[in-house]
Amino acid sequence: FFQSKSVLFLCPRYPQLLLKFISPASQNKATSWPCCRGQDQVSPNTHKSSCECLGGESVEVLASRCLRTLSSSSEDVSAHHFESMAGENVRSMNDWDLRTAWESIPLITRNLVAASTVVTLGSQLGLFPVRSVLLIWPEIFGRFQIWRLVLPFFFLGPLNFHLIFLAAIFYRHSKLLEQGEFLSNAADYLWFLLIVGMTSLPLAYFFKVVYLGPTLLYAILQLWSRRNKDQMVSLFGLFHFPALYYPY
């Protein structure tokens, strides 16, 4: 029935049953269709008297069966198209939600989280040696490995439950500071972090501290608690106290 998506007539007496599956390449072609099972094909211009080989089925029955087949095929195509579009929309919405959530994080906090994730997890998962991100002064002075003056601030410690706790506090309070005290003033927040770094390095040299991620975290937490000293905070939902004592 459906050969070359051509124009098909069931019989010259029934032009209203024209199937409108017309492709540009097939409009100018002569069209033929099987009149019945096991018989020769009949040209669309064949008169009705030549269509007597219907095997006991009238033209109306044949037309009805054809239209039912066409309807079911259209429904299957429509359902498949709808499912494809729905799947693409869900994927695009998921991608959009993730991107929107990431871009909603303030600029400085977003970069701190990204750097801390790469340095901490990368070293713990063996992507590069943990020793390469530690503050080892002989390596700095002897081999001029100056990256060791920066990377230790993004290393939060060994991979354990304590690390998860520190990472959650680090993200939450850095975001609160940037959206509160330093709202629309990211340069001041960056300057605060630089001051913390410059004062922490000499102390780390004398106290033999090899990674400074927790130091940066406690500085952020200390500033937030001083700016919100009257706010009540909860520890594990069990203890409630003023934010002034939260760092301790």
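Trainee: What makes the set of 35 residues a nonpolar core?

Mentor: A nonpolar core is a set of buried Ala, Val, Leu, Ile, Met, Phe, Trp, Tyr and Cys residues joined through side-chain atoms within 4.5 Å, buried meaning under 20% relative accessible area with a 1.4 Å probe, protein chains only. The largest such core has 35 residues, and Leu 112, Tyr 189, Phe 192, Leu 193, Leu 216 and Ile 220 have the most contacts inside it. At least two residues each come from helix 2 (107-124), helix 3 (137-143), helix 4 (161-179), helix 5 and helix 6 (213-227); helix 6 gives the most, with seven. Helices are DSSP runs of H or I with at least four residues, numbered from the N terminus.

Mentor: The model is predicted: local features need pLDDT of at least 70, side-chain atom pairs count only at pLDDT 80 or more, and totals for chains, interfaces and linings use all residues. Residues are numbered from 1 along each chain as its sequence is written, and side-chain values use heavy atoms, leaving out hydrogens and water.

Trainee: Why is Thr 199 called partly exposed?

Mentor: Exposed means over 50%, and partly exposed lies between that and the buried limit. Thr 199 has 46% relative accessibility, and therefore counts as partly exposed.

Trainee: What does the side chain of Thr 199 reach?

Mentor: The side chain of Thr 199, a residue in helix 5 (residues 186-207), reaches the backbone oxygen of Val 196 at 3.0 Å.

Trainee: Which residues does Tyr 189 touch?

Mentor: With contact meaning heavy atoms within 4.5 Å, Tyr 189 touches, among others, Ile 108, Leu 112, Phe 182 and Ile 220, not counting residues up to four places away in sequence.

Methods. Polar contact = N/O pair within 3.5 Å; in protein donor to acceptor, adjacent residues only side chain to side chain.
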